[in-house]
Amino acid sequence: MNRREFLASSAAAGAAAVPIRRLRRAAAPPWYATMRRCGQLNFNERDPLTLDVGGWAEYWASLRVNALLVNGGGIMAFYPTDVPYHHRSAFLGTRDLFGEMAAAARARSIRVVARMDCNYSWEEAVQAHPEWFERDRDGQPRRHNESTWLFKTCMFSPYFTEQMPAIYREIGKRYAVDSFFTNGWPSTGALGVCYCESCQKIYREKVGGVPPEQTDATSPLYRRYYAAFMDRLLEVWRLWDAVARESRPDAVYVGNLGGGIRVVKDLARIGQVAGWFNADHQGRAGDTPLWDCAQQGRVARSVMQGRTITNVTGAYSNSRPVWRHVAKPAAETTLWMAQTVASGMVPWFHWLGGSPEDERWRDTGRQFFAWLAAQEPHFRNTRSVADLAVLFPQSTIAFSRQGTDYLQGLYAALLQGRFVFDFVHESDLSEKTLGRYRALLVPNAAYLADEPCRQIRAYVQAGGSLLATFETSRRNEWGDARSEPALADLWGLTVAGELVGPAANSYMRIEERHPVLAGFEGTSLLPGPENRVPVRLREAGRPVLTVVPSYPAFPPEMVYPRTAHTDEPAVVLRQRGSSRVAYFPGDVERTFWRSGNPDLGRLLQNTVRWVRGDQTPPVSIAGEGLLEAFAWETEPGYALHLLNYTTPNLTWGLVDRFHPIGAQRVRFEVAAGRTIRRVEALRSGRVLPFEHDGTAVRFEVPAVVDYEVVALT
Ligand SMILES: [Zn+2]
C-alpha cells in the first residue's frame, strides 16, 4: 500500500481514524513510541582496530532501522572517556568508535541508543572503590565466571547512583544520545543476595538485620528483602531515566526485561516507571516452546498498556551450548522476529562483533525488515480484538516454585483450539481492563492477593465468565494459605481435605452430557489430573464429571478401581445470566502439558468455548496445522497475524525449515458500519477474494509458509 492508498483507506475507515487524530492533537508521542525497527551491533574490545563504521552504518540503513544500539560504556568505554575507572578498550588508541558510529547513524537519520553495561568492572576499580562491588559471605568480591578479571558490581552501591550516572552524563553531553539501554539489568530473573557494606545497611534497616538465608517466599526475611530490592530497582530506574533526559528531554532509559513468563521481579511495578519495555529475549534453547517470543509479547503488553515494547532477536546461535559467532538458522531467526511483530512488539536485530566470518544472518534480517518497512502502517496496532483474557499469574510463578507448566498447558490448548486471546496481569484486573473480555481464563493462580480476587468476583457478578483451575486463590500473594480459596463461593465449593497427588492412573467419570464433553461420546471415562484439591459442593447437585481416585497401574492384576463411585466433583460448571463459571479442582492444564494427552486438551478447549458463550467469536480460523493467531485493529483497518508452528522441531532444537500449511478459512468480525474494501495477504503479496456480510468478513488464506499477515482495509 502506498501513502495515497493508505490515506484513502484511512479516510474511508471513518470512525476508526478519529482516535488517531485525537492522539496527535493531544501530545506528540516520544520518538520511541513510533519506532518500528531497531538494530544492534555489539562491539568487542578488539573492534576499534578493524571496525568499518561506514560499512556497518550502510548495513543498518539497508534494514531501515529507526534506532541503532551501539556500545557506549560501563564495563568498557568505546570512546575517550574522562570518567575515572571507566575502563577504555585496550585497542581504542586515538579512535572514538562510539562517536564515529553514532555520527554515521545520525547521518542516515537513525536514532542512537547507547548500549551500556552496569554489571561488572575491573580490578583497578575494586582497589579504588571496594564499596562498588558485590561480596560473598566471606567478603570476597565476585568474579565473572568466564571473564574472571571482571568483578560484579552491586546495585545497592554508589556504582549505580554515582559512577553509572557520571558515565551517562559524559555520553549524553558529548553525543546527545537518544536513549540509554543497560545490558543484563535489571533482568526479570531471580534475586541475588550480596554481603557488601551497602547491602548490610539495607539488611539492618529494611530487612530484619540479616540477609535472607533462603530466597523463598515462605521466609519473612525474603519478603522484606524482595520489597527492598524492588524499591531500589525502581529508585535506580527513575534516577537513570532522569539523567538520560538531562542532555535530551526526549531521551529515555530502558532496562533489560527479558525472561518471558519466567518472571520473578514485579513486572507490574517496573511497567509503571518504564517508558519503553525492552525484552532482551533473544532466542530459545533446549525444550523451550517455539512460541516463547510471542508469549513474551503477551507478558509485556499486560503491563505496558500500549507503550513501546521491543524484543531483541539474536542473529547468533544462542542455543545451548551457545555459539556467539555463527548464525542460527534463518527459519528460526525469522520466526522469532515474526512472533515479535505479531504479538505487537518492535523487533531489534542483534549481531555480536564488528568483523563477522559468518555473514549468513545479514540477509535474514534485511529481508524481514525490508518487508516490515514496506508494510509499516499495518503494524501500527490500535487495539487487540481478542475477547478472551488469560490471567498472567505472576505471584504464583515468582514465589510458588510451581513453575510455568500450568500456563504452558493452557497456552498450548488455546493454540490448538485456535483461540485469539490476550494476557492480563494479575495486578491489572480493573473493570476497564476485564470489561473488554467475554471470559477470564486462570491457569492455577494459587498465589493471588485479595484485590485481584475481589476484582475477579466483581467481574463475574457483572456478567463476565471465568475458567479457573486447581489451587487458584487458595493462598495470598506470598503463599500464606487461606481457610478456603478466596473464589470458592463463585464455584459453590468447599475444600474437603489436603491436596491429593501427584498420583497417576486417576480418572474423571462422565456423569451427564454437557457441551464441555463434546467429542467424548465413546467413553464415560477421561484421564484424570495428577493433582487435585478435594472439594465438595456447598449445595446439593450433580457434577458433570466426578473423580475416580487413583488406583494401582501395575501389575495388571491390580489395575481396577477400588471405589465404585464418588460424588466428588472433577469440574463445576455454573451459569447465572450471561456469566458462566467453570472450575477444575485438578491441575488439568499442567497434566495436559506434561502428558500431552489430547483428551485433556480437548476438555480445556471445550470449556473455554462454553465459558465464552454462544456469541460468535471475533475471529475464527479453520484449517490444518498448529498456528498462533493475533488479531488487531490497526491504524489503516485490521490485521490478522498467523504464525505457522507446524514443525517436527516444535520443542526440540532450532527450526531449520518451514513446513507450509494449507488453506485457512477465516471469519473476521469488524465494527458495525465498517466497510472492508480490500483483503490482502501481506507476506505472500496476494489480494484475497472475500465476502462481507454485515459485520463478518470471510476469506481464505491459501497457505501459510512461515508467517502471514492479512490486512483488512
Ligand atoms: Zn551489595
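A: Along the chain, the donors of the zinc ion are spaced as C-x39-C-x1-C-x2-C. C154 lies in the loop between β5 (150–152) and α8 (158–175), while C196 lies in the loop between β6 (179–186) and α9 (197–207), so this pair ties together parts that are 42 residues apart in sequence. Helices (H or I, at least four residues) and strands (E, at least two) are DSSP runs, numbered from the N terminus.

This is a predicted model, in which local features need pLDDT of at least 70, side-chain atom pairs count only at pLDDT 80 or more, and totals for chains, interfaces and linings use all residues. Residues are numbered from 1 along each chain as its sequence is written, and side-chain values use heavy atoms, with hydrogens and water left out.

The protein donors are the SG atoms of C154, C194, C196 and C199, at 2.2 to 2.3 Å from the zinc ion. Donors here are N, O and S atoms within 2.8 Å of the metal (3.2 Å for Na, K and Ca); water is not among the atoms, so sites may look incomplete. The four donor atoms of the zinc ion make angles of 98 to 120°, and the site is tetrahedral; four donors count as such if all angles lie between 85 and 135 degrees.

C154 has 2% relative accessibility and therefore counts as buried. C196 is also buried, with a relative accessible area of 3%. Buried means under 20% relative accessible area (1.4 Å probe, protein chains only).

Technical notes:
Four donors count as tetrahedral if all angles lie between 85 and 135 degrees; four count as square planar and six as octahedral if opposite donors are over 155 degrees apart and all others between 65 and 115; anything else is irregular. Buried means under 20% relative accessible area, exposed over 50%, partly exposed in between (1.4 Å probe, protein chains only).
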